[in-house]
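Here is a short report on a protein model. Please look over the sequence and the coordinates before reading on.

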Amino acid sequence: MPHLVFRGVAADQLITVTSTLAAELADICECGTDNFTMACLHATNVYGGMPGEPSFAFIEVGWFERGQLVQSRFAETVNRHVAQLGIQEIEIVFHAYREDSYYINGKPVKG
Amino acid sequence: MPHLVFRGVAADQLITVTSTLAAELADICECGTDNFTMACLHATNVYGGMPGEPSFAFIEVGWFERGQLVQSRFAETVNRHVAQLGIQEIEIVFHAYREDSYYINGKPVKG
Amino acid sequence: MPHLVFRGVAADQLITVTSTLAAELADICECGTDNFTMACLHATNVYGGMPGEPSFAFIEVGWFERGQLVQSRFAETVNRHVAQLGIQEIEIVFHAYREDSYYINGKPVKG
């Protein structure tokens, strides 16, 4: 946590920027880089662009809420790294998990 | 936005109906067809049907809330287009994004 | 419903435990096993582990809320089955769907 899930970004491109991205995000969140996970979902575009060729990058961030200021810095940082890859339309949505709905190794984060 | 994400529908089938679907949805939402994106997630079914053979279609719609009436017309339209492909069990869930948690090109939709 | 979506677990491994998992979950939820669906998303890990080699399993459960006690038993059961496969870090998040945002075959669960 936080978990970043990408659609519309090629994994082999994205992987070139994830280390520096994680370092910046860890700085913003004041946590270790080992807290982050990032994955690319495999998906086929079926509207709004060519088949299989995404028209835009969509990034979902799952985390425990850290306030609007941290969130906006987080979004700006993710956006900048993805834009570097030549992607021109980038949307990011944050999902705030409830601590009482989140379990690590079978134990609730907050019981 | 809105973003439609499909599981359990073959991309090559779905793509045959997405243009007419987008046109109808744009009419319902009173917006342009270029607002919509649609993608099929790649997934392997591991319960509730044969492996790799989905027993049902699951569609997630991410959008900013437009009220119950628009939502129900939206769902009926998506359902009708997917049912045309011969799929018999279709579930649709709407995720209302919060404007203060949504960023386009690094800028919050609502700051 | 409930729908379980897995990332970071190989489908061919997971499928060896899904029948017993479904049976236990049905018992906890006091419903039939045919209510459950389980799918593995295809994704490529791009941070926090080797590329393509997930460092942890992430499971999302979409359902209508059933209370904290049922939820915790549900999480413990899912965790135990996934841990059996040799996976050491497992995170589970529950998404409570709103009945007025959920449609089955085009009809709202609650209108």
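## The rotation axis

A:His42 is the residue of chain A that comes closest to the rotation axis, with its C-alpha at 3.2 Å. Chain A superposes on chain C by a rotation of 120° with 0.0 Å of shift along the axis, at an RMSD of 0.0 Å. The copies use different surfaces: 8% of the contact residues of chain A recur in chain C. Contact means heavy atoms within 4.5 Å. Superposition is by least squares on the C-alpha atoms of residues with pLDDT of at least 70 in both copies.

Chain B can be laid on chain A by a turn of 120° and a shift of 0.0 Å along the axis, again with an RMSD of 0.0 Å. These two copies are thus related as by a three-fold rotation axis. In chain B, B:His42 comes closest to the axis, at 3.2 Å (C-alpha).

## Basis of the model

This is a predicted model, in which local features need pLDDT of at least 70, side-chain atom pairs count only at pLDDT 80 or more, and totals for chains, interfaces and linings use all residues. Residues are numbered from 1 along each chain as its sequence is written, chains are lettered from A and ligands numbered from 1 in the order in which they are written, and side-chain values use heavy atoms, leaving out hydrogens and water.

## Chain A in outline

Chain A has three helices and seven strands. Helices (H or I, at least four residues) and strands (E, at least two) are DSSP runs, numbered from the N terminus. Along the sequence the pattern is β-α-α-β-β-β-α-β-β-β. The C-alpha trace of chain A spans about 45 × 25 × 25 Å along its principal axes.

Of the 111 residues of chain A, 50% count as buried. Buried means under 20% relative accessible area, exposed over 50%, and partly exposed in between (1.4 Å probe, protein chains only).

## A sheet built from three chains

Which strands make up the open sheet of seven? The order is E7(B)-E6(B)-E5(A)-E4(A)-E1(A)-E2(A)-E3(C), with mixed pairing. Strands pair if DSSP finds at least two bridges between them. E7 (107-108) of chain B and E3 of chain C stand at the edges with a single partner strand each, so one side of each lacks a neighbour in the sheet.

Helix H3 (residues 68-83) of chain A packs on this sheet. It touches E1, E4 and E5 (90-96) of chain A together with E6 (102-104) of chain B. E1(A) pairs with E4 (residues 57-63) of chain A in the antiparallel sense over five bridges. There, A:Val5 has A:Glu60 as its bridge partner.

## Strand E2 of chain A

Five of the five residues of E2(A) (residues 37-41) are buried, so this strand is largely enclosed by the rest of the structure. A:Thr37, A:Ala39 and A:Leu41 point one way, and A:Met38 and A:Cys40 the other.

E1 (residues 3-7) of chain A pairs with E2(A) in the parallel sense over four bridges. E2(A) also pairs with E3 (residues 43-47) of chain C, in the antiparallel sense over four bridges. A:Cys40 stands opposite A:Phe6 and opposite C:Thr44 in E3(C).

## Two helices in chain C

H2 (residues 18-29) and H3 (residues 68-83) of chain C pack at about 170°, with their axes 10 Å apart. Axes are lines fitted to C-alpha atoms, for helices over the stretch in contact, and angles run from 0 to 180 degrees between N-to-C directions. H2(C) and H3(C) are therefore roughly antiparallel. Angles over 145 degrees count as roughly antiparallel, under 35 as roughly parallel, 65 to 115 as roughly perpendicular and the rest as oblique.
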